[in-house]
Amino acid sequence: MNIVIIGAGISGLLSALELAEQGCQVNIYNQTYAGQASWAGGGILSPMYPWRYPRAVNLLAQHGKALYQTWNEKLQPVTGIDFEIHETGMLILDETDFEVGLNYKTQFQDPMQHCEYLQREQLDQVNPHLSEQFQHAIYFPEIANVRNPRLLQSLRNYLEQHPKVQFFDQMPIQKFHIQQDKIEYVETETGQKVYADQFVVTTGAWSGLWSAQLGLELPVRPVQGQMALIKTPAHWLPTMCMNRVMYLIPRMDGHIICGSSMQECGFNAETSDQIQQNILEAAYEMVPELAQFPVVQNWAGLRPSSPEGIPYIGQLPHLHNVWINLGHFRNGLCMGPASAQLLRQLILKQPTSVDSTIYSPEQLLKLEVMTS
Ligand SMILES: Cc1cc2nc3c(=O)[nH]c(=O)nc-3n(C[C@H](O)[C@H](O)[C@H](O)COP(=O)(O)OP(=O)(O)OC[C@H]3O[C@@H](n4cnc5c(N)ncnc54)[C@H](O)[C@@H]3O)c2cc1C
């Protein structure tokens, strides 16, 4: 089977990997626009406060860590790149979430979300740098983070060496040529026609732009998130920390990612002084000692928002050879591996590992028409 994938963020690359490993010929057309989310994200392998998200999001997210571990073991000998699944655990400092957080694992049988209540003394042992203002916290020891820029490099490197995969970079797809109930070919910006048996759209925050051509409303819009990067000594901060939806994510080499903001400002991927200041204030509030270390970088990315953060995964209802895997909003890195696995199972008509109907474009888009 010959498949064209449009977009090479995490959704496109993992979809390509799943399909190529099953023998499909995969051609990936990509244009890297400023703000690509997969590079910009933090890489937390769990939704922040999972209980605030629909079950459909958590069902995919709970497989993220294990699937990345398997892929890292497979890819690393070929690429030489370790994309660092960093087992730091996560401290949540919001008192309002303690009770629901402690109950969550039991309620949903999700071992990834094992949680402990810590008093200040235990807190000091788990993370000695936390501000004195936090006298207790809940701790999720199983939650890890992945170094997502390296993850993308590793996937790309592996796929570039794969005999079934070809990349077409700086080749944005501009038009879909539809004949009755299928796409006959897609066309690049320069007018090149691209034919395939199946087409997979993984264009992240840019996906809503296809609505008119595809003849349906794809409610996916860009939501900007900014980050700041602080450099501390290696292994200085032992855990991820979260307070009032702001977080700290330590990498193994001592870089700490501080984030993040949420702003609807179109396709603008520029940082602003005010938001950067807010991010740093939130970081210093959690860990005051961070103020003594340099801020070495900042950036912004565009999340592909969807109404409830549930991704659309599956075939389009009216076009038989068009598949989508998009709209992962704040959780595309943790949902990425299970989303791509599901897409592959659907395209190749294999048994699915999760109930596919809850991500079905047909179901979700119908629901949105009914509720809007
Ligand atoms: C600040 C921030 C923090 C985040 N933190 C986390 C986190 O901790 N954990 C987590 O799970 N998720 C996180 N996310 C969310 C996650 O990054 C996204 O959900 C995910 O990366 C979306 O991946 P994607 O492949 O769908 O989109 P993208 O990575 O944006 O990729 C889409 C690609 O398609 C290309 N493209 C678009 N149009 C065309 C076209 N016409 N032709 C060809 N190519 C095209 C784009 O240039 C881009 O390369 C975060 C996001 C941000 C911004």
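Here is a short walk through this structure, from its domains to its ligand. Keep in mind as you look that the model is predicted.

Let us start with the overall layout.

Now turn to the place where the domains meet. Here 16 residues of domain 1 touch 17 residues of domain 2. The size of an interface is often expressed as the accessible area that is lost when the parts come together. Between domain 1 and domain 2, about 1,500 Å² is buried, and carbon and sulfur atoms give 63% of that area. On the domain 1 side, the touching residues comprise nine nonpolar, six polar and one charged. What links of a polar kind are found between the domains? There are four residue pairs in polar contact, but zero salt bridges.

Finally, find the ligand. Around it are 39 residues, and Q31, S38, I44, F329 and C334 come nearest. The backbone of I44 places an N or O atom 2.8 Å from a ligand oxygen, and a polar backbone atom of A37 lies 3.0 Å from one. Q36 uses its side chain instead, with an N or O atom 3.1 Å from a ligand oxygen. On its own the ligand has 1,000 Å² of accessible area, and the protein covers 98% of it.

Technical notes: Residues numbered from 1 in each chain as written. Predicted model: local features only at pLDDT ≥ 70, side-chain atom pairs only at ≥ 80, totals over all residues. Heavy atoms only, no water. Contact = heavy atoms within 4.5 Å. Buried area = accessible area lost by both parts, 1.4 Å probe. Salt bridge = Lys/Arg side-chain N within 4 Å of Asp/Glu carboxyl O. Polar contact = N/O pair within 3.5 Å; in protein donor to acceptor, adjacent residues only side chain to side chain. Nonpolar A, V, L, I, M, F, W, Y, C, P; charged D, E, K, R; others polar. Near = heavy atom within 4 Å. Areas by Shrake-Rupley, 256 points an atom, 1.4 Å probe, with all protein chains shown as cover.
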